[in-house]
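Subject: Handover of a structure and its side-chain contacts

Dear colleague,

Please find below the structure that I am handing over to you. The notes after it set out what was found.

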Amino acid sequence: MASTTHVYAGVAATVGMEHKGTLGGVFRQEAGGKKWEQLKNGLADGAEVHAITVHPSDSDAVFVGSTKGLYRSANRGGKFERLALPDAEADIWSVLVHPKNPNRIYAGASPIDVYRSDDGGEHWKKTADPGLPNRVHMAFACRVMRLDVDPNSPDDVYATMEANGAMRSRNAGESWEDCTADLIRFCEEPKYRSRIGSQTEIEGMLDGHALACSAAAPQTVFLANRMGLFRSSDRGEHWEDMEIGRFSPLTYGRDIRTSPHDPKVLYAALSPAARSTDGSIYKSEDVGKSWKEVRLPEGVRDCYCIACG
């Protein structure tokens with residue numbers, strides 16, 4: 001199996017609403033193949049999958065975040081084991097393998113918690129309580145949608161939440177700091193106000209979907225949220241609008257990733273709205289200064305997430 005490349009898909013049957021008849025779980029397909037197989041061995045019945053991460057230096061190791069805890073497979077999904085988080089059935093929405101230390105793994109949860117393992121997933125601790133104010137009252141519990149580490153400062157960890165902005169740790173999760181005040185500042189301008197399901201128009205700016213760091217941009221974090229793409233060059237203290245609208249008619253930021261092959265290259269998944277039948281991927285070769293569209297395959301009308309290998 002080691003010579004075969006696989007594509008994995010995670011399915012959540014009911015994310016915040018009812019979808020009768022939808023099949024949830026993990027599916028796998030050989031790259032270039034046409035048949036998907038559902039991977040069930042070891043996964044709890046009814047587990048809805050929110051995150052799949054393949055270990056960057058061991059393609060046999062696959063981590064799955066779900067509504068019923070965090071799982072690991074040592075044989076590309078042939079069999080899963082539930083990992084011993086302090087809260088065994090925590091609802092996991094994001095999994096990050098540290099780019100400099102592959103034995104260190106982070107997992108983000110809903111409600112907001114971050115777990116860390118320093119031995120490849122054998123043992124886990126809950127990192128410090130971020131203590132963030134509950135600014136946006138949605139119909140679902142706030143969740144840690146994405147985690148990333150600044151490769152230039154390996155103890156600097158960033159997280160974005162749906163829907164509560166961003167936070168950072170300067171000490172690998174031993175303590176957390178809120179990075180949201182300057183995102184709220186944007187809402188002084190009407191064009192940055194958006195409310196879909198809460199009590200406040202700061203909802204859009206705090207509706208974080210993804211973030212990324214780059215070795216080509218020390219102390220910098222890139223953020224994708226409902227209102228576009230944003231960048232902080234001072235570890236999340238202050239934010240600036242990257243003005244993706246100069247390059248794309250699509251400005252709803254679903255995902256943003258850094259290429260593992262060239263840290264100057266970023267990819268972003270963009271849409272016109274939360275629910276749409278249109279969307280595309282954009283690529284920057286200059287750390288976000290300019291962007292060009294990357295055409296999706298024929299028949300594909302939207303893109304929610306990106307993975308770079």
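A charge is said to sit over a ring if NZ of Lys or CZ of Arg is within 6 Å of the ring centre and within 35 degrees of the ring normal. By that rule, the charged end of Arg 185 sits over the ring of Phe 186, at 4.7 Å from its centre. The charged end of Arg 143 is placed likewise over the ring of Phe 140, at 3.8 Å from the centre.

Before the remaining findings, please note that this is a predicted model, in which local features need pLDDT of at least 70 and side-chain atom pairs count only at pLDDT 80 or more, while totals for chains, interfaces and linings use all residues. Residues are numbered from 1 along each chain as its sequence is written, and side-chain values use heavy atoms, with hydrogens and water left out.

Aromatic pairs

Rings of Phe, Tyr and Trp (for Trp, its six-membered ring) pair if their centres lie within 6.5 Å; planes under 30 degrees apart count as stacked, over 60 as edge-to-face and the rest as tilted. The count comes to 3 aromatic pairs. One of them joins Phe 186 and Tyr 192 edge-to-face, with 5.0 Å between the centres and 65° between the planes. Buried means under 20% relative accessible area, exposed over 50%, and partly exposed in between (1.4 Å probe, protein chains only). Phe 186 is buried at 7% relative accessibility, and Tyr 192 is buried at 6%.

Phe 186 also pairs edge-to-face with Phe 230, at 5.3 Å centre to centre and 75° between the planes. Phe 186 lies in the loop between H1 and helix H2 (203–206) and Phe 230 in strand E18, so this pair ties together parts that are 44 residues apart in sequence. Helices (H or I, at least four residues) and strands (E, at least two) are DSSP runs, numbered from the N terminus. Phe 186, Tyr 192 and Phe 230 form one aromatic cluster.

Salt bridges

Side chains of opposite charge can pair when their charged atoms come close. A salt bridge is counted here when a side-chain nitrogen of Lys or Arg is within 4 Å of a carboxyl oxygen of Asp or Glu. The count comes to 27 salt bridges.

Asp 182 is buried, with a relative accessible area of 11%, whereas Arg 185 is partly exposed at 36%.

Arg 168 and Glu 237 meet in a salt bridge of 2.5 Å, N to O. Arg 168 lies in strand E14 (residues 165–169) and Glu 237 in the loop between strand E18 (228–232) and strand E19 (240–241), so the pair ties together parts that are 69 residues apart in sequence. Arg 168 is buried at 10%, and Glu 237 is partly exposed at 41%.

Arg 76 and Asp 60 form a salt bridge of 2.9 Å, N to O. Arg 76 lies in the loop between strand E6 (69–73) and strand E7 (80–82), and Asp 60 in the loop between strand E4 (49–54) and strand E5 (62–66), so parts 16 residues apart in sequence are tied together.

Finally, a network of salt bridges links Arg 104, Arg 116, Asp 118, Lys 125, Asp 155 and Glu 174.

With kind regards
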